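Please read these notes with the model open beside you.

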Amino acid sequence: MDSYYHSHDLAKFSDMGKGNKDLWEKFMGYYSAVFAEGALSAREKALIALAVAHTVQCPYCIDAYTQESLQKGSNVEEMTEAVHVACAIRGGASLVHGVQMRNVAGKLSM
């Protein structure tokens, strides 16, 4: 089955620098700084990135940060828990917006 997503395309990410090298280098400088050791370890940042990747549903990011999390010493149990945290936040965010629906429905029902 054909799809837009091809896992081998992840290796072509740096091709995005071909259109504007200056912006690519600025992005990569920022990206590298974000993932450097700091108040959070590189391992913790990889787990956060894995959870966010699931929230934004980026298959390339899921592949990349699954690999990165494993390389940084996380295990499947920790990674699965991170994905569940992302799921709970995304689900809660959807539910809390139900308050907006209830507010509008309440106004229109008057």
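1. Where is the place of Ser-14? Ser-14 sits in the segment before α1; helices here are DSSP runs (H or I, at least four residues), numbered from the N terminus. Ser-14 counts as partly exposed because its relative accessible area is 44%, where buried means under 20%, exposed over 50% and partly exposed in between (1.4 Å probe, protein chains only).

2. A word on the source. This is a predicted model, in which local features need pLDDT of at least 70, side-chain atom pairs count only at pLDDT 80 or more, and totals for chains, interfaces and linings use all residues. Residues are numbered from 1 along each chain as its sequence is written, and side-chain values use heavy atoms, with hydrogens and water left out.

3. The largest pocket has a volume of about 590 Å³. A pocket is an open set of points on a 1 Å grid over the protein atoms alone, where a 1.4 Å probe fits, with protein on both sides within 12 Å along at least five of seven lines; lining residues have an atom within 4 Å of a point. The volume is the space filled by probe spheres set on the points.

4. Of the 22 residues lining the largest pocket, Tyr-31, Phe-35, Ala-49, Ala-64 and Tyr-65 are the closest to its centre. At least two lining residues come from each of α1 (21-35), α2 (42-55) and α3 (59-71). The largest share, 7 residues, belongs to α2. By type, the lining has 18 nonpolar, 1 polar and 3 charged residues; Ala, Val, Leu, Ile, Met, Phe, Trp, Tyr, Cys and Pro count as nonpolar, Asp, Glu, Lys and Arg as charged, and the others, Gly among them, as polar.

5. What meets Ala-42, Lys-45 and Ala-49 of α2? The partners are Ala-33, Val-34 and Phe-35 in α1, where contact means heavy atoms within 4.5 Å. This contact divides into 5 nonpolar, no polar and 1 charged residue.

6. Gln-57 lies in the loop between α2 and α3. Gln-57 is exposed because its relative accessible area is 57%. Its phi is near 55 degrees, a positive value in a residue other than glycine. Most residues other than glycine have a negative phi.

7. Just after α3, Gly-73 has a positive phi of about 105 degrees. Gly-73 and Ser-14 are 59 residues apart in sequence, and their C-alpha atoms are 26 Å apart in space.

8. Ala-93 belongs to helix α4 (residues 76-96). With a relative accessible area of 35%, Ala-93 is partly exposed. The C-alpha atoms of Ala-93 and Asp-9 are separated by 31 Å, and the two residues are 84 residues apart along the chain.
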